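We will go from one stop to the next, with something to select at each.

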Amino acid sequence: MARSYMMGVDIGTTSTKAVLFTKEGEVVDTFSKGYPLHNPTPSIAEQDPDEIFQAVIISIRELMKSSGIHKEELMFVSFSSAMHSVIAVDGQGNPLTKSITWADNRSVKYADELKASKRGLNLYRRTGTPIHPMSPITKLIWLRNEHSEVFNRTNKFLGIKEYIFYKMFHQYVMDYSLASATGMFNLETLKWDKEALEIAGIDESKLPALVPTTHILKNLDSGLAGQMNISVDTPFVVGASDGVLSNLGLNAIKPGVLAVTIGTSGAIRTVSDKPLTDPKGRTFCYALTENHWVVGGPVNNGGVTFQWARDQFGQLEVQRAEENGEDAYELLTEMAEKVAPGADGLIFHPYMAGERAPIWNADARGSFFGLALYHTRAHLVRAVLEGVMYNLYSVMLALQELIGEPKKIHASGGFVRSKLWRQIMADVFGGPVTIPESYESSCLGAVVLGLYAIGEIDRLEVVEDMVGTTNDIEPNPENAKIYEELMSIFLSISRKMEEDYHRIAQYQRKIK
């Protein structure tokens, strides 16, 4: 029986998705399983690693079932994963902590100290990971200082994908891509950075073995193979992080092509043939392969900000949606579409969960600026949508200093379902935005990398023939002028507020 189907699995922040593709890149079927992100305080963002592991097993099993393919027809399974998680495990691989996610800010004190130290900038330049509470190195420093009993009992420090692979294959491995997002991986040597490990207070024995993103795992646990209804000898390609695979899946791997993704969070990225870091420390540099390096900046506040706006301003739309089987987000964007571009002078800074790029300030907080008596709910919603785009554009300005003027912009993520939000992006960025009809960019990137790993293709650029139909969104010149004027105000405010962000964050920590 011919092996003619490929599976991509994306372990995301709020759900795991499995997508089945033909060899030509067409989507056959999908399945996803969600799980909660626990936020008992504003600083904590944890998940149950076993709950995520079960979501992976269920997603693969249900996809095999719903697609109706025979297990012998599956060529391989290739993985994408969210970055920056930390799980401490004991000698038997049992978790001593929850999965501490990228959104967890408890290490902010240690991140600030490291960033301000003489070692800080040089560490970033060697590892490509901006110093911030998202970074695993700062999480390890926090654990060592504030939870020394757990730290000292730990046999290995893993991310969520490494935890899942250990349960599946009984070996500890980490791909270069996720390793390059830890703050402890040397971009030049492709090994753990000795000084970074010293700063973290560990040695190499506490971390997984490093492997290329094309590494193939074999000898799947037979019991789990049975649960997933796949063969024990099915190749599992270790894969890479969701961000770099999204670039690949969007066909944004040529010089000068930018990929913009907005899901719960967001990012803007491009590809370089060598490691590239920012003298000011504003951008990341993560591995796709040894010859493909993804450079860009992540933002905390993407779709989660629109969700906040829906919950706070959209009770009427939520109720109507529930009664009539409609989508509350669509109702809100229809309302916002009636407001003029620029929200009649209302500017929103979307720093609801602190911010990463370009300001890298975990204490940043959201705000409306320019609020007047004539502003309505519709203005507030439109300002939120525009504020997310202003922030992403500010990241592009930092990236532009490294790579020059971008040639093309490709976009993906849940936001592309919104006609209004797509148009706002084109208008704010002042250029056409290309959007594929398929939203499965990370999973598509994973299977293209899988084809490369098993030797079916010899260049990643074949993704151009697999992306499928795309749509180009052209900017409105008049709207672009309005956003250009307001953008300068947006940037000015965030720069002036840096000290006050810290003051208000300190106050909020006292009352929470």
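Begin by selecting S81 and S241: S81 stands opposite S241 in β14. Before you move on, note that this is a predicted model, in which local features need pLDDT of at least 70 and side-chain atom pairs count only at pLDDT 80 or more, while totals for chains, interfaces and linings use all residues. Residues are numbered from 1 along each chain as its sequence is written, and side-chain values use heavy atoms, with hydrogens and water left out.

**Stop 1**

Now select residues 236–241, which form strand β14. Strands (E, at least two residues) and helices (H or I, at least four) are DSSP runs, numbered from the N terminus. Of the 6 residues in β14, 6 are buried, where buried means under 20% relative accessible area with a 1.4 Å probe, protein chains only.

**Stop 2: the open sheet**

Which order do the 7 strands of the open sheet follow? Trace β17-β18-β16-β15-β21-β22-β23, with mixed pairing. The edge strands, each pairing on one side only, are β17 (284–289) and β23 (470–473). Within the sheet, select β15 (257–262) and β21 (408–412), a parallel pair with 5 bridges. T261 stands opposite S412 in β21.

Next, show helix α14 (377–403), which lies across β15, β16 (266–272) and β18 (292–299); contact means heavy atoms within 4.5 Å. The helix runs at about 20 degrees to β16. Such angles run from 0 to 180 degrees between N-to-C directions, with axes fitted to C-alpha atoms, for helices over the stretch in contact.

**Stop 3: the second largest pocket**

Select R282, P358, I359, W360 and R495, which lie nearest the centre of the second largest pocket, among its 27 lining residues. On a 1 Å grid over the protein atoms alone, a pocket is an open set of points where a 1.4 Å probe fits, with protein on both sides within 12 Å along at least five of seven lines; lining residues have an atom within 4 Å of a point.

Keep α14 on display: this helix gives the largest share of the lining, 5 residues. Helices α2 (108–116), α17 (477–496) and α18 (498–511) are also among those supplying at least two residues each.

Terms used: Pairing = 2+ DSSP bridges. Buried < 20%, exposed > 50% of the residue type's maximum accessible area, 1.4 Å probe, protein only.
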